[in-house]
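Visitor: I would like a quick walk through this model. Please take my questions one at a time.

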Amino acid sequence: MAALVAAEAAAPPGPAEAAEAAETAEAAELSRALSRLLPGLEADSKLSRRRALEALQRAIEAAWPEEPAAESAAAAAGFQGPWARLLLPRLLRCLADPAEGCRALAAHLLGLGLRRAARPRDALPRLLPALVARLAGPESERGRPPETCEELRLALVQLLGLAVRLGGAALAPHLDDAVRVLRCTLLDPFAAVRRESCQCAASLARATPDHFHMQSESLIGPLMQSISHQHWKVRVAVIEATGSVIQFGSGKSVDDVLPHFAQRLFDDVPQVRQAVTCVVGGWLLDLRDRYSFFHKLIPLLLSNLEDDIPEIALAAASLWEKVGLQWQRENEDDLKDKLDFASPPPAHHPSPDNRPGLGCRELVFRNLSKILPAICHDVTDWVAGTRVKAAQLLAVLLLHAEDHVTQHLEVVLRTLHRACADDDRAVVRSCTRSAELVGAFVSPEVFLKLVLPALKKSPSPSGLLILASIVRGCPREALRPHLTLIATELARPHICQGSENVQETMDALAAAQDIDGRQDLYREHAGPLVEWLAASHHDWTVHSAELLQFVVVVNHAGPALGEVLPHLVPVLRSCLQPARDPQMRLRLFSSLSRVLLSAKQTVDSQGHFHHYLDTVTKDILVPNLQWHAGKTAAAIRTAAVSCLWALISSEVLSDEQIRKVQETLMPQILTSLEEDSQMTRLTSCQIINTFLKTSGGVADADKLIKVYPELLKRLDDVSHEVRLAATSALVTWLACVRSDDDVKSCYQSHIQFLYRELLVYLDDPDGTVQDAVLEVLKAGSVLFPELLARETEAVVHKHRSPALCQQLLQHLQAQPPAQ
């Protein structure tokens, strides 16, 4: 081998080795030094191979002293020959070395060589296939990359990123290999690899703008699979990478990306929403085909004008202003008359000093007909967050559209009529603001022709609220001629004597029957009434009048419910099956949760509710806690979890009954810890805590062991409240273990794993989480104190602050010796 290397070093110049003739004396000396070390890479002993790699590293670093820029360039030229001829091919072979340490050194040396070579692009034809072999081989298609070490996969992706930065446009012939690697590493189990892959994808797009569009679409799928990753930094990296991939790639991918971006507008982490704002704003400014996507991109940017975080709202406003000004400049000829004869703000404009610019107003006006249908759909969505965003966006659009909203007024009013009946106050608040804007920008002659006939035909609280808001926003001088007409319509009996008199009528009915108040009236008639309603329950939908009557009885009958359980529970069981109307199920779950919270005064007023416990748990809760795709199914699971929490916290169930509920529902509640809804995850942690507290020392060891890994995952939750709830549940879990006589035989390996994981969170950036985790460790320290002490001493030097580790060790030392 040594002879072969020496022969290569001494061979005369050929076509592929033209640079060797120009080597300096120092370069020749480097070649001889490398030739002496390279045979060690073929040694059988991994220790020998490692020592050879370390010696190569010292040789390369020693040959590269600190020099002025000119001398540095000369040194790079001299290094190019030995690097390309001797080092590169052998280091690439070392990437497949059986020893992990050797592979890591080889990756490091490859990066070092790329940085110091005069022509790093020359290495690309050999480097890219080697990276494909390690990161995107056949195994990776089944989820197992050929390179098994996480840190090495990260180093290899960083090496690819370095090659992209140094190679620039020279990457174009190798795009296929680079994209093949990224398609795998973007889905890597290691979060850091995903983040680095996102940065590499963005760099690749910028480096090869003339060719990247041919490959860009193949990266969209992996990116969108990672956009909901549990680590928020990965989500941010994916969003930013997607911005560059589409900016320099194919605009056809925008449609595939937008639904995922829209979902990220509801992300709990502000940095994620900020990333969406910046990327969408960048597309509106710089995307080549942006004009054809304006109606899809504008709603995403305008939605963040109302973000709870001021910095995000300001960023969205700044980007939107730039978009409007740029579009205005690009269309000056079309807007010439409006620019030369600018119209003042409408007389009753709500904020004339902050009126959107002409370009922004024109963009909204020209795209409003394409945007409105989606908003009208979303404002009645099953998910409250979607409805709130849609209602906020509608108000922003109307502020921009001004009097142009007249041609869309019928659709807008119909949408407001439905939205103002929403249970969420934020939705109603935004919709009343929209109605005020209608009053400010639309002539009374126009809006009264639509509002009053609808109110006359079908009076409702939402219709009256819309009229009141429109009147509030309308200029007084414009409204004055129509006051008599409005007053006349409002004075009609079917409007002014509406549902607000129902409670008075109930009291009058009770008095007529010589009954003491409404509750006794329900006690007298609830049974026959529920029995009568039950006859038609198989045909109910959310719009059925019988459903409304049933809900009123459930919400207001109070103690009378405990007397009608034989009729009440079968109706609930039938109407809450997965095949029934989802909106109806949500409404019934809301009413059921409300009565279960005060079960002693409602469904258990007679002490008989426990007879129906199996029906409630097995026939109602279990089917609705099963996972199904879609937002509606997720909302129903949230409602079912809330209902279960109301049941077990109502104090009407004995510990034995709660244990029966736990036996039935614990698997579903463990699954619900992974739900997107923060409230569902928090409530599930609280439910598990209650289950564990009531199980005491009778918990089955195999089932108990399945609980703690799911709680550990919640320590990475984006919600501070969920993390603390998980630590509280872990304390209770350890108490269950402590009361088990078979601790030593059953739990030791699991407790050791739990100790190690908790010690990681003892160094969490959040101080309250650190304190909570410390309490968990103290609670669990009585199980295996010596084991915990060893694990703590092993990591104390890795923590940013050893104070809590030392505090834990002091606690362990203060404990009495184990018996």
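This is a predicted model: local features need pLDDT of at least 70, side-chain atom pairs count only at pLDDT 80 or more; totals for chains, interfaces and linings use all residues.

Visitor: How many salt bridges does the structure hold?
Guide: Side chains of opposite charge can pair when their charged atoms come close. Here a side-chain nitrogen of Lys or Arg must lie within 4 Å of a carboxyl oxygen of Asp or Glu. The salt bridges in the structure number 32.

Visitor: How far apart in sequence are the parts tied together by glutamate 306 and arginine 433?
Guide: The side chains of glutamate 306 and arginine 433 meet in a salt bridge, with N to O at 3.5 Å. Glutamate 306 sits in the loop between helix 14 (290–303) and helix 15 (310–330), and arginine 433 in helix 20 (residues 425–441), so the parts they tie together are apart in sequence by 127 residues.

Visitor: Are glutamate 306 and arginine 433 buried, partly exposed or exposed?
Guide: Glutamate 306 has 28%. Arginine 433 has 33%. Glutamate 306 therefore counts as partly exposed, and arginine 433 is likewise partly exposed.

Visitor: Which residue forms a salt bridge with arginine 387?
Guide: The closest N and O atoms of this pair are 2.5 Å apart. Arginine 387 lies in helix 18 (residues 384–401) and its partner in the loop between helix 19 (409–419) and helix 20, so parts 35 residues apart in sequence are tied together. Both residues are buried. The partner is aspartate 422.

Visitor: Is the aromatic pair of phenylalanine 261 and tryptophan 283 stacked, tilted or edge-to-face?
Guide: The count of aromatic pairs comes to 5. In this one the ring centres are 5.4 Å apart, with 15° between the planes. Planes under 30 degrees apart count as stacked. So the pair of phenylalanine 261 and tryptophan 283 is stacked.

Visitor: Are helix 5 and helix 7 roughly parallel or roughly antiparallel?
Guide: The axes of helix 5 (residues 100–116) and helix 7 (residues 150–167) come within 10 Å and cross at roughly 15°. The crossing is left-handed. The contact includes Ala104, Ala107 and Leu110 of helix 5, and Leu152, Ala155 and Leu159 of helix 7. Angles under 35 degrees count as roughly parallel, so helix 5 and helix 7 are roughly parallel.

Visitor: Which helices do the buried residues of helix 31 pack against?
Guide: Of the 13 residues of helix 31 (residues 613–625), 10 are buried, so the rest of the structure largely encloses this helix. Among them are Val616, Ile620, Leu621 and Val622. They pack against helix 29 (565–575), helix 30 (582–597), helix 32 (631–648) and helix 33 (655–672).

Visitor: Which residues does histidine 538 touch, not counting residues up to four places away in sequence?
Guide: Histidine 538 lies in the loop between helix 27 (517–534) and helix 28 (545–556). At 56% relative accessibility, histidine 538 is exposed. Its C-alpha atom is 7.4 Å from that of serine 574, 36 residues apart along the chain. The residues touched are Ser574 and Arg580.

Visitor: What is the phi of glutamate 402?
Guide: Most residues other than glycine have a negative phi. Glutamate 402, in the loop between helix 18 and helix 19, has a positive one. This residue is buried, at 6% relative accessible area. Phi of glutamate 402 is near 55°.

Visitor: Is glutamate 651 buried or exposed?
Guide: Glutamate 651 lies in the loop between helix 32 and helix 33. Its phi is positive, about 65°, although it is not a glycine. With 63% relative accessibility, glutamate 651 counts as exposed.

Notes: Residues are numbered from 1 along each chain as its sequence is written. Side-chain values use heavy atoms; hydrogens and water are left out. Helices (H or I, at least four residues) and strands (E, at least two) are DSSP runs, numbered from the N terminus. Buried means under 20% relative accessible area, exposed over 50%, partly exposed in between (1.4 Å probe, protein chains only). Rings of Phe, Tyr and Trp (its six-membered ring) pair if their centres lie within 6.5 Å; planes under 30 degrees apart count as stacked, over 60 as edge-to-face and the rest as tilted. Axes are lines fitted to C-alpha atoms, for helices over the stretch in contact, and angles run from 0 to 180 degrees between N-to-C directions. Angles under 35 degrees count as roughly parallel, over 145 as roughly antiparallel, 65 to 115 as roughly perpendicular and the rest as oblique. A crossing is left-handed if the near helix is turned anticlockwise from the far one by less than a right angle, and right-handed if clockwise. Contact means heavy atoms within 4.5 Å.
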